[in-house]
Amino acid sequence: MTAVEKLLGETARADAQRNVRRLVAAAREAVAEVGVDVTAHEIARRAGVGIGTFYRRLPSREALLQAVVEDTVYEIVELARDALRDPDPWHGFCTFAAEFVQLRAMSCGINEALGTDCALSLDTPLEQLREQIRLLVERCQESGAMRDDVPWQDVPFVLTSVMTGDRTIGLTAADDQWRRNLRIVLAGLRGQQVHTSE
């Protein structure tokens with residue numbers, strides 16, 4: 001059962017569950033746009049409910065944000081597990097890398113949660129994510145698809161480094177700048193063995 005499902009499970013009435021679902025959807029949107037410091041008032045406004053409804057239906061702002069962000073990190077863990085099932089280790093890794101970077105690039109809150117010491121308790125999902133990334137990297141290295149002189153711990157930092165600001169040295173980033181940067185990074189991680197799928 002996901003953290004969001006647990007929140008829904010605490011609400012029996014159908015109308016109350018609808019309100020909780022609206023608040024969860026609004027929280028996901030707000031976390032992506034504003035970050036993990038988004039207020040309960042802002043979430044309630046986006047959900048189209050009053051602040052009283054927010055606190056009648058949910059234990060706290062922190063509990064809602066914890067559930068939303070925790071579930072999203074577990075979704076990233078599942079993306080990594082899917083990548084491990086790809087018969088081509090390099091293709092699986094590249095697919096995961098693009099999904100991981102895109103999510104970080106598009107969600108301010110997830111980027112904060114993965115990159116800083118935020119107030120949310122994410123030890124368990126982050127531990128699982130680290131383990132899946134380690135397995136992905138080691139699988140690629142064992143197959144010869146990835147350089148074997150790169151410690152797996154460096155890979156999350158390298159992937160995160162492809163995200164840039166809007167401008168640098170007077171140049172404006174392209175709309176797909178992170179994708180361009182990722183292609184360069186993946187080329188640098190690639191082993192000598194030639195693969196046809198990517």
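The following paragraphs describe the fold, the annotated regions and selected residues of a predicted protein model.

The structure is a predicted model, in which local features need pLDDT of at least 70 and side-chain atom pairs count only at pLDDT 80 or more, whereas totals for chains, interfaces and linings use all residues. Residues are numbered from 1 along each chain as its sequence is written, and side-chain values use heavy atoms, with hydrogens and water left out.

The secondary structure of the protein comprises 10 helices and two strands, where helices (H or I, at least four residues) and strands (E, at least two) are DSSP runs numbered from the N terminus. Read from the N terminus, the order of elements is α-α-α-α-α-α-α-α-α-β-β-α. The C-alpha trace spans about 60 × 45 × 25 Å along its principal axes. Of the 198 residues, 42% count as buried, a class defined by a relative accessible area under 20%, with exposed meaning over 50% and partly exposed in between (1.4 Å probe, protein chains only). The protein exposes about 10800 Å², of which carbon and sulfur atoms supply 50%; these areas come from the Shrake-Rupley method with a 1.4 Å probe, and for residues only the protein chains shown count as cover. Among contacts (heavy atoms within 4.5 Å) with a separation of 6 or more, 69% are accounted for by residues 24 or more positions apart. The protein carries 23 positive and 30 negative charges, whose mean positions are 6 Å apart. For this count, Lys and Arg are positive and Asp and Glu negative, while His and the chain ends are not counted; the place of each charge is taken as NZ of Lys, CZ of Arg, CG of Asp or CD of Glu.

Two annotated regions were taken from UniProt, whose positions are given in the numbering used here with shortened feature names, and whose annotations may be inferred rather than shown by experiment. An unreviewed entry places "domain: HTH tetR-type" at residues 17-76; over this range the chain is 80% helix and 0% strand, and the end C-alpha atoms are 26 Å apart. The feature "DNA-binding region", also from an unreviewed entry, is placed at residues 39-58, a range that is 75% helix and 0% strand, with its end C-alpha atoms 14 Å apart. T39 lies in the loop between α2 (14-33) and α3 (40-47) and is partly exposed at 41% relative accessibility. The C-alpha atoms of T39 and I76, which are 37 residues apart in sequence, are 25 Å apart in space.

A27, in helix α2, is buried at 0% relative accessibility. Not counting residues up to four places away in sequence, A27 touches I43, L64 and V68, while its C-alpha atom is separated by 16 Å from that of A119, 92 residues away along the chain. E70 is located in helix α5 (residues 61-85) and, despite its charged side chain, counts as buried because its relative accessibility is 18%. With neighbours within four places in sequence left aside, E70 is in contact with A3, L65, S121, L122 and P125.

The structure holds zero disulfides, a disulfide being a pair of cysteine sulfur atoms within 2.5 Å. C94 is in no disulfide, its nearest cysteine sulfur being that of C140 at 7.2 Å, and the sulfur of C140 is therefore too far from that of C94 for a bond. Both cysteines count as buried, C94 at 8% relative accessibility and C140 at 0%.

E138 is found in helix α8 (residues 123-143) and is partly exposed, with a relative accessible area of 27%. E138 and V150 are 12 residues apart in sequence, and their C-alpha atoms are 9.9 Å apart in space.

I169 has a positive phi of about 40° although it is not a glycine, and it counts as exposed at 78% relative accessibility. N181, placed in helix α10 (residues 177-189), is by contrast buried, with a relative accessible area of 17%. When residues up to four places away in sequence are not counted, N181 touches V162 and T164.
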